[in-house]
Amino acid sequence: MSGHSKWHNIQKTKGAADAKRSAAFTKIAKEIIVAVKQGGSGDPANNSRLATVIAKAKANNMPNDNIKRTIDKALGSGNTDNYESVTYEGYGPGGVAVIVEALTDNRQRTAPEVRHYFDKFGKGMGAQGCVSWSFDRKGVIIIDNEDGDYDEDTVMMDALEAGAADFTADGPVFEITTDPDAFNDVIAALEAKGYTFASADISLVPQTYVKLTSEEDVKNMEKLLDMLEDNEDVQNTYHNWETED
């Protein structure tokens, strides 16, 4: 999928998140809490998972005060938040592969809800690994150059010198991909040069894409993604649906 097509998806997601800003921040805060607890540190320099989540938070315009407050909460002795990471896999309309990452304090609540969405708007949930084999985990950084602030060749050179694996440009959209282990270093190097990001996260990138030709399939796929996004336990949803620009 081209960078522009990917950005089309991100714009849709970010548009919904902007309409529900507090809900979006709540999901990121949950990731921060898990990162602090599992990484054993509130210092991103000593906790790579926390550094990754902070990059995502900043790209989503989460205020620094909110980030710090959440880290302090996670470090507090009275914090009893206990979230479990769960991944669900299944098929959307037309055989679209869908992966759902959730953080939940009640698996018995989350699993039936996600299964219901798949059953109603897709082709159903599958066994673990049924579609994940067709995705690659990569760091994905999106820079929106709509205002023309950046020179394409300069951004490409800066990204590659920072350790990025690839750089693609589609009009005003620059997409930088990295090895997951290099993601935080690339983010830090680009931030040091003054870059800001429209999106920055370690994502599951599909190896191939599926186009939906039926209007009903398109509507059901959009509904499936909307339902998953609105679920408070769902953190990330990945799919190989190639939308029309």
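Analyst: Some notes on the model come before the questions. This is a predicted model, in which local features need pLDDT of at least 70 and side-chain atom pairs count only at pLDDT 80 or more, while totals for chains, interfaces and linings use all residues. Residues are numbered from 1 along each chain as its sequence is written, and side-chain values use heavy atoms, with hydrogens and water left out.

User: What is the order of the strands in the open sheet of four strands?
Analyst: Strands are DSSP runs of E, at least two residues, and helices are runs of H or I, at least four, numbered from the N terminus. Two strands pair if DSSP finds at least two bridges between them. The pairing in this sheet is antiparallel, and the order is β5-β6-β4-β7.

User: Which are the edge strands?
Analyst: An edge strand here pairs on one side only. That applies to β5 (166-170) and β7 (199-206).

User: In β6, which residue is the bridge partner of Ile142?
Analyst: Strands β4 (residues 135-144) and β6 (residues 173-178) pair in the antiparallel sense over six bridges. The partner of Ile142 in β6 is Glu175.

User: Which strands does helix α6 touch?
Analyst: Contact means heavy atoms within 4.5 Å. Helix α6 (residues 152-161) packs on the sheet, and the strands touched are β4, β5 and β6.

User: Is Thr52 buried or exposed?
Analyst: Thr52 is found in helix α3 (residues 48-59). Buried means under 20% relative accessible area, exposed over 50%, and partly exposed in between (1.4 Å probe, protein chains only). Because its relative accessibility is 12%, Thr52 counts as buried.

Terms used:
Axes are lines fitted to C-alpha atoms, for helices over the stretch in contact, and angles run from 0 to 180 degrees between N-to-C directions.
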